[in-house]
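Please open the model in your viewer and keep the sequence panel beside it. The stops below give a selection for each step and a description of what is found there.

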Amino acid sequence: WLDEAAAPAFVPPKTGALKARLSANENPYGPSPKALKVINEAAQEGYLYPFQYASQLRKMIAEQEGVSEEQILLAPGSGSLLIAAAMHYTYAKPGGSIISADPTYEQLMRAAVQHGAKWEKVPLTAGGYDHNLAEMEKRISDNTSLVYVNNPNNPTGVTIDPVALRAFVDRVSAKKPVFVDEAYIHYTSDPAKFSVIENIKKGQNVLVARTFSKIYGMAGLRLGYLVGQPDTLMAISKWGGGPGGLTMTTIRAGLACYKDEEFIKYSLSKGLEAREYLYETLKNNGYTYLPSGTNFVLFPIRMKGDDFIGKMMEQGVSVRQWKFDGQYWCRVSLGTMPQMQAFADALKVVS
Ligand code: PLP
């Protein structure tokens, strides 16, 4: 979230209105109608501490994931859990290193580095821009404190082969803790197949982070959770997470939408419609792209990143840029269809 908030694309255009904010991987189809309905009611109960509701939500999530309540740690957004985990593993092994792909979502590693950890970046595979699991495994040493995997990966959108990932986690978690950030898992073709929560159920030293900011469209309400082994979650909760930081409105909104299959289907179908439209738009303008399992798409651009971002912003569209593998890239989040059309119009002018 720090990374997203630091995006220069948040600067409003100098002239004209912002037509489409496609820079922070938000989901304009949330919060769900059921969540919105309870928020007013929940606000009226705002004078009460929300502990009972928090434990209801924890129970609901545990049941759905097939784990015990002690295996769920709630927090205001998964980002705060990434930071709490960074603190836990950094102070448990001073001077230790965290292995991650590069590029990936940096929040956990950046927090760890600020507290003295080392960060070992393993470049994505050539051509496929996938996590290089073999190389990441090779880099594990006595000094490794944590292995961070983001599946599907931000900013590439690439999903790791589920068989390979589960086997990697089987082997690696026997040596070192593995943290799998599944913020975008609902946008893959089969979340249950791609998730490694199954590895947690086998008792392995694995953590999975999930968020309500994406498929549930609650980025501003702030809700996320960690799934892991009870003793690990207990240790991490000393640094952050737990019911204390959550508001009545957010918890009750979470309870109202977490198992709302109709809404999840709707939210996903709107996202997929926008993703297909975006693929077509890019093809029609002569661009390639990385096939995405998320609510954003990354594509190589033909000018410097800053120039591209600036020109798109002049057209009222905010997007993000990256540079890796000797190439500038644009990451565009999935918005409403009018927002995607605004992106298409802007791209035509800028290309
Ligand atoms: N993990 C990934 C991969 C993300 O992209 C983000 C935000 O965009 C987060 C975690 C943090 O999300 P939040 O704190 O809103 O749950």
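Begin by selecting helix α11, residues 248-257; its buried residues pack against α2 (33-44), α3 (51-65) and α12 (261-284). Helices here are DSSP runs of H or I with at least four residues, strands are runs of E with at least two, and both are numbered from the N terminus. Two residues are in contact if their C-beta atoms, placed from the backbone, lie within 7 Å. The model is predicted: local features need pLDDT of at least 70 and side-chain atom pairs count only at pLDDT 80 or more, while totals for chains, interfaces and linings use all residues. Residues are numbered from 1 along each chain as its sequence is written.

Helix α11 is mostly covered, with 8 of its 10 residues buried. A residue is buried if 20 or more other C-beta atoms, placed from the backbone, lie within 10 Å of its own, exposed if 12 or fewer do, and partly exposed in between. Colour the buried set of α11: Met 248, Thr 250, Ile 251, Arg 252, Ala 253, Gly 254, Ala 256 and Cys 257.

Next, select helices α4 (residues 78-92) and α5 (residues 107-114), which pack at an angle of about 40° with their axes 8 Å apart. Axes are lines fitted to C-alpha atoms, for helices over the stretch in contact, and angles run from 0 to 180 degrees between N-to-C directions. The two helices α4 and α5 are therefore oblique to each other; angles under 35 degrees count as roughly parallel, over 145 as roughly antiparallel, 65 to 115 as roughly perpendicular and the rest as oblique. To display the contact, show Gly 79, Leu 82, Ile 83, Ala 85, Ala 86, Tyr 89 and Thr 90 of α4 together with Gln 107, Leu 108, Ala 111 and Ala 112 of α5. By class, this contact of α4 with α5 has 8 nonpolar, 3 polar and no charged residues. Ala, Val, Leu, Ile, Met, Phe, Trp, Tyr, Cys and Pro count as nonpolar, Asp, Glu, Lys and Arg as charged, and the others, Gly among them, as polar.

Now turn to the open sheet, where 3 strands stand in the order β9-β12-β11 with antiparallel pairing. Two strands pair if DSSP finds at least two bridges between them. At the edges are β9 (296-300) and β11 (320-324), each with a single partner strand, so one side of each is left without a neighbour in the sheet. Select β12 (residues 327-333), which 5 bridges join to β9. Of the 7 residues of β12, 5 are buried, so this strand is largely enclosed by the rest of the structure. The strands β11 and β12 form a hairpin with 2 residues between them, and Asp 325 in the turn has a positive phi of about 55°.

The last stops are in loops. Which residues does a cis peptide bond with omega of about -15° join? They are Gly 30 and Pro 31, and Pro 31 lies in the loop between β1 (20-21) and α2. The bond from Asn 154 to Pro 155 is also cis, with omega near 25°; Pro 155 is in the loop between β5 (144-150) and α7 (162-172).

Finally, select Tyr 129, which has a positive phi of about 50° although it is not a glycine. Tyr 129 is found in the loop between β4 (118-123) and α6 (133-138).
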